[in-house]
Amino acid sequence: VIVVDISSSMSQEDMRDHEPYRRMDAARDRAQEFAAARIHDRVGVVAFGRYAELRCPPTLDEKALSAFLRVLDTLPRGSEFDATAIGTALVKAVQVLKDSEAKSKVVVLLSDGENNVADIEPAEAAKLAKDAGVRVHTIGLGHGVASVFGFQELSFDELKTISTTTGGEFFAARSDDDLASVYERIDEMERTEREDPRYRTVDC
């Protein structure tokens, strides 16, 4: 399951040096590439701000998955839904995967901020994921928090805690190129053949 932060900070245009390119655009485009490459895996999408929503259940239908990813966009700044509920989002992804019979249950969670919704803390969600046998790779996106003094870097400690607890990896992606490399690395790490083929031929 790919879990994508859609809070308003993801509209920051800091992912390319020579042209405006939003964090949201990079997250969406690279997730589409990653999902398209996982032709033997069911891939789902969870989007989150204040709340987490399953946008696409795990599927082998690349066209359907791509369609859901293409329409991902940021929440309006200052709206009641504009927040970063990392813990809630991870729990949602674990719920999606808990009944899966797949050999490997993996979440790729991407955010450019820190959890600011107290409903479920990231550390608690990480323990739940570990108990469910879900490995979580986390990606800290962007240069940090924009301020009048420039960008203030985030530590991404919560994302690091999640990956460490669940046996995954944390990656920092300060640019679109970085993010593309991160997804390539995760793709290499998570190469697992499915037991059931997409098509099965039966002799009658």
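1. In this predicted model, the axes of helix α4 (residues 122–131) and helix α5 (residues 157–166) approach to within 9 Å and cross at roughly 20°. Axes here are lines fitted to C-alpha atoms, for helices over the stretch in contact, and angles run from 0 to 180 degrees between N-to-C directions; helices themselves are DSSP runs (H or I, at least four residues) numbered from the N terminus. The two helices, α4 and α5, are therefore roughly parallel to each other, a term that covers angles under 35 degrees, while angles over 145 count as roughly antiparallel. The crossing of α4 and α5 is right-handed, that is, the near helix is turned clockwise from the far one by less than a right angle.

2. On the α4 side of this pair, P122, A126, K127, A129 and K130 meet E158, I162, T165 and T166 of α5, where contact means heavy atoms within 4.5 Å. Sorted by class, the contact of α4 with α5 has 4 nonpolar, 2 polar and 3 charged residues; Ala, Val, Leu, Ile, Met, Phe, Trp, Tyr, Cys and Pro count as nonpolar, Asp, Glu, Lys and Arg as charged, and the others, Gly among them, as polar.

3. Helix α4 also packs against helix α3 (residues 86–97), their axes coming within 8 Å and crossing at roughly 15°, which makes α3 roughly parallel to α4. The crossing of α3 with α4 is left-handed, with the near helix turned anticlockwise from the far one by less than a right angle. I86, G87, L90, V91 and V94 of α3 make the contact with P122, A125, A126, L128 and A129 of α4, and this contact has 9 nonpolar residues, 1 polar and no charged ones.

4. For helix α1 (residues 23–37) and helix α2 (residues 62–70), the axes come within 9 Å and cross at roughly 170°, so α1 and α2 are roughly antiparallel to each other. Their contact is formed by R28, A31, Q32 and A35 of α1 together with L65, S66, L69 and R70 of α2, and its residues divide into 4 nonpolar, 2 polar and 2 charged.

5. On a 1 Å grid over the protein atoms alone, a pocket is an open set of points with protein on both sides within 12 Å along at least five of seven lines, a cavity is a set where a 1.4 Å probe fits but cannot get out, and lining residues have an atom within 4 Å of a point. Grid points are joined across faces, edges and corners, and a volume is the space filled by probe spheres set on the points.

6. A search of the whole structure finds 2 cavities of 30 Å³ or more, and the second largest cavity has a volume of about 40 Å³. Of its 11 lining residues, R38, D41, T59, L60 and E62 are the closest to the centre.

7. Residues are numbered from 1 along each chain as its sequence is written, and side-chain values use heavy atoms, with hydrogens and water left out. Local features need pLDDT of at least 70 and side-chain atom pairs count only at pLDDT 80 or more, whereas totals for chains, interfaces and linings use all residues.

Definitions and conventions: Parallel < 35°, antiparallel > 145°, perpendicular 65-115°, else oblique.
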